[in-house]
Amino acid sequence: MTAATDTVTRSPGRVPLDLIIEPVLVLTGVVGYLIWHAAQDFSESEQVQLAWPKLAASVFEHVRLTVVSAVLVVLIAIPLGILVTRRRFARISPVIVGLANIGQAAPVLGMVVLFAMWFGTGFSTAVAALVVYAVLPILQNTVIGLRQVDDRVIEAARGQGFSALTTLLKVELPLSVPVILHGVRTALVILVGTATLGTFIGAGGLGVLITTGVTLYLPPLLFTGAALVALLALGIDWLARLAEYLLTPRGLRGVSA
């Protein structure tokens, strides 16, 4: 066995370096922010927003907005991706992918405002706008992942007596997991950042700190909002990467890394 072959053979058992580095960066950032927060002499206006109970509530609102949107995107995008890869629905595939492309191409702030005009302000409206905006990465990766499965593998499964549904669940989806989960990871990072725009329609979150910091020229608020969003994005990206690694079939880990 050559050295190159040996490396490929052993690579699935190795933990990717980013799974170790990313949490260290997040922890370093959190500790750095705590030290900075403790050393600051905040004004009365800043203390109102940066008191720990208020700050924790803002973080919770932001995480809630992101997680609810992400769950809905997954529940919508993956079934749609499966649907458009079935032969009987091949005709509507361009329509569905085209609609998802429109959602991604439209300016997200304009979409949030437009949804607010149609459905009113609040948490649900912000979630709806974020879902439309984040569908494409997961839908696209689901389609790519399923279409890259070798036809001979599918034919072999059907030849063993598997039904179309069983083949999908036991062959196609497991082989597509790395690509699909990468799309989920991308969508999560997008949602963390764009969730800050929910503040414009009363959905709360860390965007309140950013907009208040800009409007009233309060740099500590602006810095806190931006820093916590960045740390959340890194933290969620790491959790998604960890899930991607653990849920990928062991034999495909070296390929997906």
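**Helix packing and a pocket in a predicted model**

Author: In this predicted model, helix α9 meets helix α11 through Val 177, Pro 178, Leu 181, His 182, Arg 185, Leu 188, Val 189, Val 192 and Gly 193. On the side of α11, the residues are Val 229, Leu 232, Ala 233, Ile 236, Asp 237, Ala 240, Arg 241, Ala 243, Glu 244 and Leu 247. By class, this contact has 13 nonpolar, two polar and four charged residues.

Reader: How do the axes of α9 and α11 lie, and at what angle do they cross?

Author: The axes of α9 (residues 164–194) and α11 (residues 219–247) come within 9 Å and cross at roughly 170 degrees. Angles over 145 degrees count as roughly antiparallel, and therefore α9 is roughly antiparallel to α11.

Reader: What makes Asp 237 count as buried or exposed?

Author: Asp 237 is placed in helix α11. Its relative accessibility is 12%, and the cut-off for buried is under 20%; Asp 237 therefore counts as buried. Leaving aside residues up to four places away in sequence, Asp 237 touches Glu 22, Arg 185 and Val 189.

Reader: Which elements give two or more residues to the lining of the largest pocket?

Author: The volume of the largest pocket is about 620 Å³. Among its 18 lining residues, Thr 85, Arg 86, Arg 87, Ile 154 and Glu 172 are the closest to its centre. The elements in question are α4 (52–84), α7 (123–147), α8 (151–159) and α9. With five residues, α9 gives the most to this lining.

Reader: What is the make-up of the lining of the largest pocket by class?

Author: The lining has eight nonpolar, two polar and eight charged residues.

Technical notes:
Residues numbered from 1 in each chain as written. Predicted model: local features only at pLDDT ≥ 70, side-chain atom pairs only at ≥ 80, totals over all residues. Heavy atoms only, no water. Axes fitted to C-alpha atoms, helices over the stretch in contact; angles between N-to-C directions. Helix = DSSP H or I, 4+ residues; strand = E, 2+ residues; numbered from the N terminus. Parallel < 35°, antiparallel > 145°, perpendicular 65-115°, else oblique. Contact = heavy atoms within 4.5 Å. Nonpolar A, V, L, I, M, F, W, Y, C, P; charged D, E, K, R; others polar. 1 Å grid on protein atoms, 1.4 Å probe; cavity = no way out; pocket = protein on both sides within 12 Å on 5 of 7 lines; lining within 4 Å. Points joined across faces, edges and corners; volume = space filled by probe spheres on them. Buried < 20%, exposed > 50% of the residue type's maximum accessible area, 1.4 Å probe, protein only.
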